[in-house]
Amino acid sequence: MDPTAVSADADDYKFMAQALQLAARGYYSARPNPRVGCIVTSDGVVVGEGFHYRAGEPHAEVNALRAAGEQARGGTAYVTLEPCCHHGRTPPCTEALIDAGIARVVYATSDPNPQVAGAGALQLRDAGIEIVDSVMSESAAEMNRGFMQRMRRGVPYVTLKIGMTIDAKTALKSGASQWITSAAARADVQRLRAASGAIVTGVGTVAADDPSLTLRDERFDTAGQQPLRVILDTHLRTPSSSKIFRQAGDTLIFTASRDRQLADALIASGATIEPCPQRAVGLDLQAVLARLAAREVNEVLVEAGPRVVGAFIEQRLFDEIVVYMAPKLFGNSATDAFALPELLSIDSAPPLDFVNVRTIGPDLRLTLRSQSDHSAT
């Protein structure tokens, strides 16, 4: 918090709450940009509002200022993220606020983008605008947890999605797995996909299930974007006839293979091949996440088999686990949900916190977070 900033009052919290509601309207469409909302008031009355809908289009502040017109002069702007001060896909919002004659800016949380990171607030203050910061900062940071983490740590926010029975099984011994969970649970997964910049799976899942890994639910407005489909395939075993290549959107394959013939066949099917270092077992997942961050992916959803999910857990490369638990029992011979090494002590188990438990149709949805999750800090 800026020690020179002015304290917030009750109206500041009221209007910031409205700005956060506006920001949520771009929840599924704003990526890779942050989700931002803005309210402009004059004498305590809302005269303009806006949110950021899609990258390349006007930011929340510009939309709100346009709606307010001349009434913005001398008014207050409530923004859920520190206004940007650099030229990116659009001009700086700080200049728009200054040119509109805004007298006071209240923002929820600082922008960790190194091109902003306090410079936006400084530019506004230097222009004579009163600044109030850190109003509902936790709510704003949570809304942009992936963007915040990518900017601060150079990796996306990673959610592991698992559909399993109450005895933690994901398939029968025969390999049959459709459908463990209910239609309601599968519809809820669409929400996770809609909020994600990439869906990661393993080549084993592609070969066994031939998934599409697409967003098919029109309830979620993603501005026409499909999540990037990512296959972890150490030896390029992905069948070039896979259904995944016949879907809208892009498919990226991370591999350690240097087999040009296999790569060319997959490229001809529509894949992009990304070389990746190999660990003792599988690919270097840290390198995978870093490269996805470089592609401006804020949130990653992992929908994979027990070995891939287990690798993310073992290497502590996840932030959240969402489990859809069906009221079924498959028995000892069925496939386990997680392939994890033996623990030598209870204290070495990954530390997790339950953050939400609710029913989805006949199933339970359990949401857990890693205690090492730094995304909102």
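**Chat: cores and overall build of a predicted model**

Q: Start with F254: what does it touch, leaving out residues up to four places away in sequence?
A: F254 touches V230, I231, L232, D233, T234, E274, C276, L283, V288, R291 and L292. Contact here means heavy atoms within 4.5 Å.

Q: And which residues have the most contacts inside the largest nonpolar core?
A: L160, V230, L232, F254, L292 and F312, in a core of 35 residues. A nonpolar core is a set of buried Ala, Val, Leu, Ile, Met, Phe, Trp, Tyr and Cys residues joined through side-chain atoms within 4.5 Å. Buried is under 20% relative accessible area (1.4 Å probe, protein chains only).
A: Apart from that one lies another core, of 24 residues, with V40, I102, V105 and I131 among them.

Q: OK, how much of the chain is buried?
A: Of its 377 residues, 51%.

Q: What about contacts between residues at least 6 apart in sequence?
A: In the protein chain, 71% of those join residues at least 24 apart.

Q: Switching topic: how many helices and strands?
A: Eleven helices and 16 strands, counted as DSSP runs from the N terminus (helices H or I, at least four residues; strands E, at least two).

Q: What box do the C-alpha atoms fill?
A: Roughly 70 × 45 × 40 Å along the principal axes.

Technical notes. Residues numbered from 1 in each chain as written. Predicted model: local features only at pLDDT ≥ 70, side-chain atom pairs only at ≥ 80, totals over all residues. Heavy atoms only, no water. Buried < 20%, exposed > 50% of the residue type's maximum accessible area, 1.4 Å probe, protein only.
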